[in-house]
Amino acid sequence: MRDEQDADPTVLLIDVDPSRDAGLHIDQIVAADGAELPDGYAELVGPRFVHGIRTPMELRIPQQLPAFPFGSSLEGLHVSVACCTGCNGGIHDRQLVVINTHSGGSWSGIWINTPQEIPVEYRRWQKVQFLGGVLREVRGSTTVVDDGWMRIKVGAEEGHAAPAPAYVTTADFPATGTRSLLARSLEAAWVQVSDATVVDARHIDKPVTTLGEVRLPRVETRLRDSSGQEAIAWLHQPSAFGLARGDSLSFLRGFLHAERPGWYVLLSDKDADLLRAQAE
C-alpha cells in the first residue's frame with residue numbers, strides 16, 4: 001500500500017526480489033530505449049544503490065578500506081539501514097542519530113545524519129529504519145547522510161535492554177589522536193569507560209550553530225583512567241553540568257564519534273549512562 005509520501009510523482013518505487021545470498025548487491029536504474037522520458041532526455045540514469053535494508057555491520061565490514069583513515073568502499077552509494085537506536089527523541093546534536101546491532105562491540109554501529117524528527121514516539125534500543133540515505137565519509141566518520149530523500153520508519157519490535165557495552169580505556173581513543181584500526185572499529189559503537197577522573201570540564205551553554213546544524217549545550221571533558229592517557233568526552237545529559245576538575249566517575253557510557261580522521265570523542269546524553277563515584 002502506498003502511503004502519502006509514496007504518492008510523490010518525483011519518487012520512483014521499485015520492487016526488488018530478495019537476494020539469494022548474503023553478499024551486497026549494487027545496482028543502478030537506467031531508463032532508456034522506449035521509456036517515457038521528459039522532453040529533451042534520451043535516457044535517465046539513477047544513482048547507484050545497495051539492495052535491501054542492511055545492518056550497520058553489513059555496511060561497514062568487509063567494506064572498510066585497509067589503510068588509514070579506513071574509509072568505506074561504499075562511499076557515495078545510496079543505502080538503507082536499520083538497527084536499534086542508542087538514543088531516542090527527534091533531532092540530536094548536529095542532527096546525529098546512532099544505531100547499533102544487538103551484539104554490540106566492534107563495527108556494530110553507524111551514524112545517521114538527518115534533520116528529520118523520527119515520526120512516532122519510540123523506546124531506546126528499538127529498531128528504526130533509515131531508508132534512502134547516502135553513505136559518506138564525513139571528517140573520518142562513516143555516516144549515512146539524508147540528502148532529502150530519506151524516509152524513517154519505526155520497526156514493529158519492542159524496545160529492549162541495551163547490549164553489553166564494549167569496555168574501553170581512554171588510551172583506546174586518546175585526545176592526541178590515533179591511527180588505530182581498533183578505534184576506527186569502535187566508531188559509533190556502544191562503549192564504557194570505567195573508574196575515570198575528570199581532568200578538565202568546560203561548559204558550552206550557548207554553542208555556535210553553523211548552517212544546517214543543531215547544536216545543543218554540552219560539557220566538554222578530558223578524562224583519564226588507569227591507562228594514564230587522556231581522552232575527550234562531550235556530555236549532554238543534565239547531570240554532567242555539575243562535573244568539575246578532579247571529580248571521579250564510576251563509569252561513563254556513550255558512542256564514539258570521529259570529529260576528524262583519527263580523533264575520536266565519546267558522545268553521551270543520558271543521565272543513566274553517567275555514574276559518579278561515591279565519596280569514601
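A residue is called buried when its relative accessible area is under 20%, exposed when it is over 50%, and partly exposed in between, with a 1.4 Å probe and protein chains only. On that scale C84, at 1% relative accessibility, counts as buried, and C83, at 5%, counts as buried too.

The model is a predicted one, in which local features need pLDDT of at least 70 and side-chain atom pairs count only at pLDDT 80 or more, while totals for chains, interfaces and linings use all residues. Residues are numbered from 1 along each chain as its sequence is written, and side-chain values use heavy atoms, with hydrogens and water left out.

The chain holds two helices and 17 strands, taken as DSSP runs (H or I of at least four residues for helices, E of at least two for strands) and numbered from the N terminus. Of its 280 residues, 46% count as buried. If contact means heavy atoms within 4.5 Å, then among contacts between residues at least 6 apart in sequence, 68% join residues at least 24 apart.

A nonpolar core is a set of buried Ala, Val, Leu, Ile, Met, Phe, Trp, Tyr and Cys residues joined through side-chain atoms within 4.5 Å. The largest such core has 24 residues, and F173, L186, V191, L223, L249, L252 and L266 are those with the most contacts inside it. Two or more residues are given to this core by each of β11 (166–168), β12 (190–204), β13 (218–224), β14 (230–235), β15 (248–260) and β16 (263–268). Apart from it lies another core of 18 residues, including V79, I112, F130 and M150.

Strand β9 (residues 141–145) is largely enclosed by the rest of the structure, because five of its five residues are buried. In a regular strand the side chains alternate between the two faces of the sheet. In β9, S141, T143 and V145 point one way and T142 and V144 the other. Strands count as paired if DSSP finds at least two bridges between them; β7 (residues 109–113) pairs with β9 in the parallel sense over three bridges, with I112 opposite V144, whereas β8 (residues 127–138) pairs with β9 in the antiparallel sense over five bridges, with V138 opposite S141. The hairpin of β8 and β9 has two residues between the strands, and there R139 takes a positive phi near 55 degrees.

Finally, with a disulfide taken as a pair of cysteine sulfur atoms within 2.5 Å, a search of the whole structure finds zero disulfides. For C83, the nearest cysteine sulfur is that of C84, 5.1 Å away.
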